[in-house]
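Dear colleague,

Please find the structure below, followed by a short account of what was found in it.

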Amino acid sequence: MLCQDETNREIANGGLFARDGVIEAVATTDELPQTADRVIDLSGHVLMPGLVNTHHHLYQNLTRLLPEAQDAPLFGWLQALYPVWERLSPEAFHVSAQLGLAELLLSGCTTSSDHQYIFPNGSRLDDTIAAAGETGIRFMATRGSMSVGESSGGLPPDALVEREDDILADSERLIRRYHDPAAASRLQVALAPCSPFSVSQELMRESAVLARKHGVRLHTHLAENTEDVAYSLERFGRSPGEYAEDLGWVGEDVWHAHCVQLDERDIRRFAATGTAVAHCPCSNLRLASGVAPVMAMLRAGVPVGLGVDGSSSNDGGHLLAEARQALLLQRLREGAAGCSVREMLRVATLGGARALGRADHLGALQVGYQADCAAFAVDDLWHAGAVHDPVASLLLCHSTNASYTVVGGDVLVDNGELAVLDLPGLLQRHRDMAVRLGR
């Protein structure tokens, strides 16, 4: 058992006992209570904290692999997909969220954020929130937005941007209706203007003021690729990190997605302010954005978590596979000893919890923390011969699905099967929608 607690304990033949969704004991199996409402035998498994996904666009799983977007970098990719996303409906956001969160649960993810920044055809963030509630996962719903369209020098088409007064009013509505700051909360809200090339400086500033008024977090895309940096320098005369700081977008209540092209000065700026980063390696490779300097960030003290990013740029939502990719890329960048399996698993759990402001009760298996965990079989074909270090096999061998994913003591993936949602029916609805969108 991998605890990821303050002392980084690993307990052979270990387990945990939870009551009312909270961990009461972490020990060897023979030291734990022998009876409970449910006892799960995890022989042949590695038990670890549930994975935390810090950046996603769930609706994008409806537009995976569209030919016109397969081989484009970020800006061209967006311009190819914007017209398709204009046709999304409230039902499409609901179904895509259910499917994407099911995919994450099956990969051992217990907490996920989502960045929804378009609202066509009467869609609202409420559609995605309702879907998340039906899965049982812990969810950070971010109210994204775009307010600067093509006619004003932005990247998105004018049909997908909103009035800034409407954005701020809806943001406050969502916070008041849904945000739950409690340790056991399965639903929180953050504010997330999309990017420097799709919102105004005024909206960024006002969103920060509103978020801090209500004690919620801030999220956006930053320094994703060289085009992104060039836009910031040309339009604002500042690096992405300088731009963020000038607008009040640094601090322990802020996490930025990507930061692939963050320079050394901006890394130091983030470290000094506790500003976190959501690292999305597969998406960054898919769009040829680059390899983020994750180990440099960690050495400097920047909180870093993992994100699968949008399922039209990844094109998957398997968080354990994302951790494997992150590990391999940092070894390529830093050398074979430059990043260990356990360092990256910590990023994927406690690092993500810290980025989402929940590291005092999520991301570790220790007494008083929420009973969020995942168990992976390591006695199967994919792990044959990996008996010398079962923990390392999670990232160095095949990225398998979780046998069990538990959130607050609720078993949401049970013996490899999704215990929530009608998956066959969901897949059919999703497939029909994807076909219609691609026409």
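Arg143 lies over the face of Phe119, 4.2 Å from the ring centre; a charge counts as over a ring if NZ of Lys or CZ of Arg is within 6 Å of the ring centre and within 35 degrees of the ring normal. The model is predicted: local features need pLDDT of at least 70 and side-chain atom pairs 80 or more, whereas totals for chains, interfaces and linings use all residues. Residues are numbered from 1 along each chain as its sequence is written, and side-chain values use heavy atoms, with hydrogens and water left out.

The whole structure holds 9 aromatic pairs (rings of Phe, Tyr and Trp, the last by its six-membered ring, with centres within 6.5 Å; planes under 30 degrees apart are stacked, over 60 edge-to-face, the rest tilted). Tyr59 and Tyr117 are both buried, as is Trp85 (buried is under 20% relative accessible area, exposed over 50%, partly exposed in between, with a 1.4 Å probe and protein chains only). Tyr59, Trp77, Tyr82, Trp85, Phe93 and Tyr117 form one aromatic cluster.

Helix 2 covers residues 90-106 (helices are DSSP runs of H or I, at least four residues, numbered from the N terminus). Of its 17 residues, 14 are buried, so helix 2 is largely enclosed by the rest of the structure. Just after helix 2, Gly108 has a positive phi of about 95 degrees.

Yours sincerely

Methods:
Helices (H or I, at least four residues) and strands (E, at least two) are DSSP runs, numbered from the N terminus. The expected span of a helix is 1.5 Å times one less than its number of residues.
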